[in-house]
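User: I am new to this structure and would like a close look at a single part of it. Could you walk me through that part and then show me how it sits in the rest?

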Amino acid sequence: VRGTCGAWSAVSGTIVKDFDPPVTRFGRGHRGIKVDVGAGAPIRATQAGVIRFVGSVAGTPWVSVQDRK
């Protein structure tokens with residue numbers, strides 16, 4: 001899938017929330033994309049990065065990868 005910001009996602013699924021940059025560095029915004037996929041779906045990195053978090057937030061499973069730019 002491809003977000004409206006032009007980035008390719010690391011999974012196949014439906015984008016349910018796109019990138020929404022904050023106005024200021026620590027302001028509100030969505031710094032990634034949210035993709036709806038089935039349980040057990042493979043996740044592939046689109047570039048080199050480091051997994052920073054895997055777990056549940058408010059009952060929703062999350063995987064957060066920081067790129068190495």
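**A close look at the turn**

Ala 58 lies in the loop between β3 and β4; strands here are DSSP runs of E with at least two residues, and helices are runs of H or I with at least four, numbered from the N terminus. Before going on, please note that this is a predicted model, in which local features need pLDDT of at least 70, side-chain atom pairs count only at pLDDT 80 or more, and totals for chains, interfaces and linings use all residues. Residues are numbered from 1 along each chain as its sequence is written, and side-chain values use heavy atoms, with hydrogens and water left out.

Let's start with the backbone. Ala 58 has a positive phi of about 55°, although this residue is not a glycine. Ala 58 is in the turn of a hairpin that β3 and β4 form, with two residues between the strands. Is Ala 58 buried or exposed? Ala 58 counts as exposed because its relative accessibility is 83%, where exposed means over 50% relative accessible area, buried under 20%, and partly exposed in between (1.4 Å probe, protein chains only).

β3 (49-57) and β4 (60-67) pair in the antiparallel sense over eight bridges; two strands pair if DSSP finds at least two bridges between them.

Ile 43, Ile 51, Val 54, Val 63 and Val 65 make a nonpolar surface patch of about 470 Å², and β3 and β4 each supply at least two of its residues. Val 65, in strand β4, is partly exposed, with a relative accessible area of 48%.

Finally, here is the wider setting. The protein has zero helices and four strands, running β-β-β-β from the N terminus on. Of its 69 residues, 9% count as buried. The protein exposes about 5600 Å², with carbon and sulfur atoms supplying 55% of that area; accessible areas come from the Shrake-Rupley method with a 1.4 Å probe, and for residues only the protein chains shown count as cover.

Note on methods
Patch = residues over 30% accessible without salt bridge, like charges linked within 9 Å, V, L, I, M, F, W, Y side chains within 5 Å. Salt bridge = Lys/Arg side-chain N within 4 Å of Asp/Glu carboxyl O.
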